[in-house]
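Student: I would like a close look at a single part of this model. Please keep it brisk.

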Amino acid sequence: MIFSLFKGMYKRLFFLFLTVQLLFSVTSFAQTLSGHVQDAVSGEQLLGATVWCEDTKQGVAANIYGFYSLTLPEGKHNIIVTYIGYTPQRFEIDLSMNIKMDINLIAGTKLKEAVVSAESLNKIEEQVQMSKMEIPIDQVKRLPAIGGEVDLLKVLQLLPGVQSGGEGTSGLYVRGGSPDQNLMLLDGVPLYSVNHLFGFFSVFNADAVKNMSITKGGFPARFGGRLSSILEIYMKDGHMKEYHADATVSIIASKLTVEGPIVEDKASFMLSARRTYLDLLIKPLISQANSNNPDVTTDPRYYFYDLNGKLNWRIGPKDRLYLSAFKGEDDFGIASAENYGINSSTLDFGLDWKNEIQALRWNREWSPRLFSNTTLTRSLYNFNTGIEITEQSEDTLSMAALYNSGIEDFSGRIDFDFAPNARHYIKFGANWTNHTFSPGATSLELNFGDTPALDTLLGPADIKSDEAFLYVEDEFELSERLKLNLGVHASILMVQDTSYNSIQPRAALNYRLPGGYAFKASFARMAQYVNLLTNEGLGLPTDLWVPSTARIRPQQSWQVAMGVAKTFGDIEVSLEGYYKGMEGLLSYKEGASFLFSLDTDWEDQVTQGIGNAYGTELLVQKKYGRTTGWIGYTLSWSNRKFDDINSGNWYPYTYDRRHDMSFVVTHDFTDKWTGSAVWLYGTGRALTLSESSFSAYIPDGTGEGIYTFSAEVPSEKNAFRMSPYHRLDLSLTRTKFLENGTRHLIFSVYNAYNNLNPFFAQTDEDDNGNPVIREYGIFPIIPSVAWRFSF
Amino acid sequence: MKNIPTLSIALIVAISFVSCERFADGVVHEVAFPEHSPRLAVTVISGDTDKQIVAQVTSTASVLDAAGPQPVAGAVISLSLGEDAIVYTLGEEDFVDFAYKLNLDDTFGHFDGTMTLNVDAPGFDPVTATNVMPPIPEVALTYEYRGDTTNFPWEEEEVIRDIYTLDLVNHADLDDSYLINVDALYIDAFTLDTLGWDQVRMRSQNDQRITEESITGGLIVSDKNTTGWSNGLADITFYSKSFEYDKEWSPVALRLRVQALSPELAKFYESTGDYLSGGFDLFAEPSLIYSNISSGFGCFGLSSQTIVEID
């Protein structure tokens, strides 16, 4: 079916590719320099490193596997290779034939060298891609962190155009989009829930990660499936030459990362584990409390853990295999037991959720100009909550209810990178994904003694769907001043005997203006076939992933962005404006509740609507030197409209935030002392409050009397605003270089001036007993210490 | 330069201690509310066989007003048919406790065409609403005494039930909704005085056309969910626990009441049921109660009724 639907387009794409091949085959007298850019010590691939020819003023960035391919005229050329945080390497090469060369860069840079590197391709005004940001992991690790536990997503929230949800949570709201509109890829595999501890931490362990980037707009054609952002996080490949370990102990969790060669320069591994120990720390306190009344015991529990692992094997000079896996789980619960005489009762309530991914990846260099990556992946998200009650008297009564939801994906993908010459870089590929959605099933069990009275499973059946896409994109120079990236992404969803398809054009341009300024513009149309049903006010792991179905049409958007960029010395400045229109957005209807609503199909409880988001983002960033950091400011609007919500009128999205500012600075005082500070400010969250109340009646059951009642009337949807959010975090790191490793002692303070930022609002009573609406905060000032040792 | 780290630590510690003073109370501040402008909330629900008209007229209140919504006296409530043909009027003289009640010499009556409700009260903007009385329901009932036995986990013994099967009319040009009740008539076993009709608990089974109305205990049958039911609103089946008529305190008669509801009244019943039975649900979006009153609060709803005596 997929081939019949894609048939016409597939043929066109094939002929387009053939034409391009023929066109570029005439580039005779050109030779190709290709290979990988990697860390000189560890062999870690440096994705995004730039290889720049100073003579021809042409260059290329290494792809996400560190592979580069630069085709130049025959002859001698001066090449410079750069990567943030590494000493640039300059060399001369005589290209009389194709040359394969792996380039090793040495970590560590000085300001002077950094300025040199800033002259190359990685200057912001040289890049066609707009609305994309990368933050070096080393810089992330030096920023203040709640409880000493570094969180990658919280750092992303400091970027313009990216906003957080509630206080302390890891949810990302990108350019007015909802959290399900972010494609979060860990080693290229989508993760459906990235939350630990109800969203206060993300599942990404900074010690296991080598690179992180977020794209908010101008999406290249190789990406699809989400409307608002692409978050790419790549795990370390593992050290190819030596064994290394990194251990961190903080007040929240401990973690250990080990990496090293299996066969030197041929195969390596990386393993990382993290676990919280709040449950272990409070266990003695709970035991002490329970010992006061042995007839009543209460045993709360909470922990999360995650495991990251990766194997990396260079099979031959042209082939490389990667096997990566992740597993993370949260377990929250409370068990209580009560004994009274010969009778007793027990209650056990639990809430747990877990993520798993596995990916097998094969890199192949078919020629110096053609590289491919083939990937097979699995991704699983599962949420369970349940309660079990037992009453023991003369008879035994037991009752158990378990609610389960989840999603499981199996996916296959192939991507090609084709660099016919220095002016063109073509990417094309295809992907197929099989989804299985379990949108909430409840099992009930009731027993009297040994006699089962009820054992049943309620709720909707699993839904299976198949999603596929093809893409092709070409980044090319039309003239010295004008660079373009044009592409098309064609996708299809097959579900419940229905199919949806979408042709999504993508375009981005960079036009060099006089004075070193670059004007950038982009257009992207996106489609999304999975949806997260969520209560906007909470963002619990109970949020439900559901597919587009025969009744629920896909989400779609189009986004246009324009901006200017320029580098002043070692400071990058970019200013961007964007407008995003969205349709097919999914939300619960007013009054709808999915949990334990056994007799109602989730599709009856949802409504679809439209939305828009627009704004301006300013980013001033300093990447090099003893002092680094950025200042970000966003002025934005985000609105929604659903027929069944707010009487069909437009309303501000819950996370519509007019102003959002962040100041991030890291400074190396000496080689041993590093300090950092983060200050952020955001307009208060929009919320709906009960505004007034009225009385009414309905006839009673006999029809002869009436039943009167009072009801509260919510305001217009999101008509109120919480107080503005602002916070200062500070951090100071003491590094000690020892004979056998390096020790870091990290002091940090979250919310240093103790501004109790609002987390929720509720009706309360003042001192005179009069009702008032009050905002409550949950996180006061939180000082913490973490200890890290690496060798 | 060497002192900078030490000074930084001192600064962090100082800020921490100074700000701890603000730590005592978790309350941030009270949310400023705009001043509330009271509006009229009006509820008038009438059926063709009613012998009394009840109109509740209250003023809305801010949620910060501890006294809550208050009845409004001095209002003039009129019900008219067509162009200004006033059928009923209720005024200050009909105000009793919290509502306006007008006892009728006869029943309310069945009216064709659009009825308009107008309410004028001193100090408030007038409000209005319209409604159309639905056709009198045509009901075909099949009743089977003790026709079903079932087991419930919470009942020790097998439960014997009566089966009711109704055929209702599904008008092609109307949104049909019916409220169904079964009543039992009791008498005092000693004085043989009539004690009145009491509602009988009913249950339906796997029928999307039927909603168990949580507040009044009746069943609402709607043509909204007839997809997959080729017979429209025929074969509506529900059950009640069987009475054993030879026992003490058994009813002496049963009756079936079927009310055809205007679409607005059906929405009001359903949304009120959702609101009042919702309670505190962490996972629910806020509920709204439907209103067809121009102020946005309350309901003007009309119904017509058929009663079937059950042998």
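Student: How many residues lie between S37(A) and S38(A) in the hairpin they form, and which residue in the turn has a positive phi?

Tutor: This is a predicted model, where local features need pLDDT of at least 70, side-chain atom pairs count only at pLDDT 80 or more, and totals for chains, interfaces and linings use all residues. Residues are numbered from 1 along each chain as its sequence is written, chains are lettered from A and ligands numbered from 1 in the order in which they are written, and side-chain values use heavy atoms, with hydrogens and water left out.

Four residues separate S37(A) from S38(A) in the hairpin. In the turn, A:Gly625 has a positive phi of about 100 degrees. Strands (E, at least two residues) and helices (H or I, at least four) are DSSP runs, numbered from the N terminus.

Now the pairing. Two strands pair if DSSP finds at least two bridges between them. S37 covers residues 606–622 of chain A, and S38 covers residues 627–642 of chain A. They run antiparallel, joined by 14 bridges. One pair can be located directly: A:Ala613 has A:Ser638 in S38(A) as its bridge partner.

S37(A) also pairs with S36 (residues 571–588) of chain A. This pair is antiparallel too, with 17 bridges. Here A:Gly581 has A:Asn612 in S37(A) as its bridge partner.

To recap, S37(A) is joined to S36 of chain A by 17 bridges and to S38 of chain A by 14.
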